[in-house]
Amino acid sequence: MRVIRLVIIVCVLALCVSHSRVSSQTSPPQKKTVSSQAQSSLCNRENAIQLIEQQIDSARLLSNNPDRVRVLINAADLLWTIRNKVARKTFADAFEFGTQDFKEHGDNQIKLGVGLVMDRADLRFNVITAIAKRDPLWASKLREELLKEQTEVAKDAVQKDPRREEKTAQQLLTVALSLLPDDQQTAASFARASLKYPATLSLPQFLYRFAALNKAGADQLYQEALAAYGGGPMERFLFLSAYPFGNARDAGETVGYTIYQVPEGFVPNVTLQRIFLQNLLMRAQQMMANPAQVNTQFRIAEPGQVWMALTLLENKIARALPEFAAQSEETRKAMLAMIPQNSQDSVTELVSWRTRPRRSFWEQVEAAQKEANVNVRDRGLTFAVMSSNEVENLDQVIAVVDKISDSNLRQPLTDWLLFERTQTAIKKGNLNLARSLAGRVSELDQRAYLYSQIAQKALREELDQTESREMLEEVVAAASKATPSITSVRTLLGSAYLYTKLDMNRAVAILGEAVRQINQMEQPDFSRQFVVRKIEGKEFSAYANFSTSGFTPEDAFQSIGAKDFDGMLAQTNFIQDKALRAKTTLALIEPCVLQPVRPKRSTK
């Protein structure tokens with residue numbers, strides 16, 4: 001029995017530990033307000049340094065290496081400009097703990113669902129990322145030492161581990177992406193270091209992000225990547241097929257795929273298109289000259305990969321590179337002839353599936369209902385519902401959900417549908433409809449999340465205080481009833497901040513409810529900025545993630561601390577998780593580090 005998996009949104013998932021606080025969704029202020037801190041006798045540089053050093057001491061006593069590293073990174077970053085030697089020592093300690101964690105656990109994968117896994121974080125790269133923002137040379141030195149060590153280990157290994165090398169490339173590109181907004185030169189150096197390892201879908205992601213800031217730099221890096229991977233396995237080489245043409249997807253059957261975010265106004269480079277196509281045609285000529293040496297180990301043999309790429313790029317080649325149109329067509333026919341007869345149908349079917357016009361909702365429903373196999377029918381109906389949009393009548397779509405035989409699928413699928421419709425209503429500003437739809441979502445933390453998005457949109461539209469309170473109380477009620485989770489706590493923290501504009505006492509009370517939920521959770525980890533929604537049938541599964549970035553305890557305490565520093569400092573003592581308490585304390589006192597040193601009193 002063949003199990004079919006569909007991932008609606010495919011992304012590179014990693015347990016990332018970051019010392020920077022991410023702002024989106026219900027976002028804390030971009031500029032740190034120091035009015036309350038300035039008025040507090042507790043908020044001064046001397047006390048801040050003392051508190052930071054206390055958190056460093058407590059972090060070293062933690063038993064969990066990821067927690068140790070998170071706290072030490074944050075503390076070192078705060079001390080960098082005022083206690084540089086201590087900060088360097090703290091960063092070095094964090095790297096040692098990261099090394100210790102890797103030796104104990106490696107980078108084993110964590111299962112999130114049927115067929116969906118996430119790599120455990122390599123904490124050493126998290127420390128290198130943090131250091132690179134302060135001292136790029138030190139970070140580069142640590143990177144080279146780490147890669148040299150990995151090379152030595154690989155030499156001694158009985159069998160080469162391709163997954164380890166692929167993971168290293170992704171980690172280097174993850175560091176590069178995090179550095180890109182502030183330091184393009186260092187970011188590009190980390191990206192170049194990844195070219196010694198197998199190509200992954202992280203490379204086109206970085207190229208597009210780099211191009212949004214520096215198109216010439218991204219084009220130059222692409223040429224270097226083409227030189228590095230031009231003779232590599234075709235399923236890796238074709239990761240280079242999207243960028244020169246400005247496509248959102250690779251042309252071919254690569255090792256994993258995603259939909260790339262092409263920057264607005266991106267202009268494809270014809271020179272890069274020509275270089276890529278010449279390389280592809282040259283490799284096809286080599287296959288025709290030496291058919292016995294053709295690599296057939298991948299699911300689709302290399303001639304099939306070339307045929308797919310030339311077919312999917314056919315129109316763009318005709319428009320941008322007409323001088324190559326005839327040669328491309330001849331090569332395409334030759335490659336098809338080299339594909340084994342029993343494989344031709346699957347390859348052509350794959351291209352047909354990629355290029356076919358999108359079927360309407362009711363066409364998908366009709367096709368699914370004709371299936372005799374009940375599991376295949378359920379799969380077709382599920383995917384039809386998931387691909388529907390607001391054009392289809394909601395009640396009629398829910399009626400299709402009721403036709404699904406597997407009762408375990410109906411409620412999660414209905415929640416999925418309502419979640420998507422609510423988000424669409426929020427984007428269009430139809431908040432009354434959004435509130436009505438959100439109220440029908442059975443998953444309480446998802447309902448609370450949707451309510452928080454509605455409240456944020458409503459407050460931006462400057463509703464009167466009565467209506468704003470009513471909206472926020474809906475959010476708080478839903479989040480308070482939910483089983484404590486990262487989503488429900490984020491929702492409460494965001495609501496607490498929004499309430500600071502209306503009622504500080506209520507804001508503090510909601511913050512207390514968030515802390516109460518945190519204390520009921522085992523090892524609360526707010527470093528992950530998404531939640532995975534799952535639809536899992538008997539022979540298929542589908543996943544999508546929705547972003548829950550925004551308020552963490554650190555963000556909330558720092559933001560509300562701008563209005564009540566002393567109260568928030570006292571509140572940190574109620575957080576039972578030691579690591580989270582340390583990180584929250586560090587975030588709260590961060591503005592105090594910026595305070596000028598108080599002049600010493602004269603003893604005269």
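User: Where does arginine 236 lie?

Analyst: Arginine 236 lies in helix α11, residues 234-237. Helices here are DSSP runs of H or I with at least four residues, strands are runs of E with at least two, and both are numbered from the N terminus. This is a predicted model: local features need pLDDT of at least 70, side-chain atom pairs count only at pLDDT 80 or more, and totals for chains, interfaces and linings use all residues. Residues are numbered from 1 along each chain as its sequence is written, and side-chain values use heavy atoms, with hydrogens and water left out.

User: Is arginine 236 buried or exposed?

Analyst: Start with the cut-offs. Buried means under 20% relative accessible area, exposed means over 50%, and partly exposed is in between (1.4 Å probe, protein chains only). Arginine 236 has a relative accessible area of 15%, so it is buried.

User: Which residues is arginine 236 in contact with?

Analyst: Contact means heavy atoms within 4.5 Å. Leaving aside neighbours within four places in sequence, arginine 236 contacts Glu166, Pro198, Ala199, Thr200 and Val255.

User: Now the whole chain. How many helices and strands are there?

Analyst: The protein chain has 28 helices and 5 strands. Of its 604 residues, 52% are buried. Take contacts with a separation of 6 or more: residues 24 or more positions apart account for 69% of them. The chain exposes about 28600 Å², and carbon and sulfur atoms supply 49% of that area. The area comes from the Shrake-Rupley method with a 1.4 Å probe; for residues, only the protein chains shown count as cover.

User: How do I read a nonpolar core? Which residues have the most contacts inside the largest one?

Analyst: In soluble globular proteins, nonpolar side chains tend to be buried together. A nonpolar core is a set of buried Ala, Val, Leu, Ile, Met, Phe, Trp, Tyr and Cys residues joined through side-chain atoms within 4.5 Å. Here the largest has 172 residues. Ile52, Phe206, Tyr243, Phe276 and Leu280 have the most contacts inside it. Take phenylalanine 206. Beyond four places in sequence, its contacts are Leu173, Ala176, Leu177, Leu180, Ala187, Ala188, Ala191 and Leu221.

User: Which residues of helix α17 are buried?

Analyst: Helix α17 spans residues 361-369, and Phe361, Gln364, Val365 and Ala368 are buried there. Seen down the axis of α17, these residues fall within an arc of 100°, so they line one face of the helix. The arc is that of the directions from the helix axis to the C-beta atoms. The cover over the buried residues includes α18 (374-386) and α19 (394-401).

User: How many salt bridges does a search of the whole structure find?

Analyst: First the criterion: a side-chain nitrogen of Lys or Arg within 4 Å of a carboxyl oxygen of Asp or Glu. The search finds 22. One joins aspartate 57 and arginine 60 at 3.8 Å, N to O. Both lie in helix α2 (residues 45-60), 3 residues apart, about one turn of the helix. Aspartate 57 is partly exposed at 48% relative accessibility. Arginine 60 is partly exposed at 31%.

User: What else does arginine 60 form a salt bridge with?

Analyst: Aspartate 93, with the closest N and O atoms 2.5 Å apart. This pair links distant parts of the chain: aspartate 93 is in helix α4 (residues 84-105), arginine 60 is in helix α2, and they are 33 residues apart. Aspartate 93 counts as buried, at 13% relative accessibility.

User: What ties glutamate 474 to arginine 435?

Analyst: Their side chains meet in a salt bridge at 2.8 Å, N to O. Glutamate 474 lies in helix α23 (residues 465-481) and arginine 435 in helix α21 (residues 431-438), so the pair ties together parts 39 residues apart in sequence. Glutamate 474 is partly exposed at 26% relative accessible area, while arginine 435 is buried at 16%. Elsewhere, salt bridges that share partners join Asp57, Arg60, Lys89 and Asp93 into one network.

User: Last, the backbone. What is the phi of glutamine 523?

Analyst: Most residues other than glycine have a negative phi. Glutamine 523 is not a glycine, yet its phi is positive, about 50°. Glutamine 523 lies in the loop between α25 (504-520) and β4 (530-536). At 58% relative accessibility, glutamine 523 counts as exposed.
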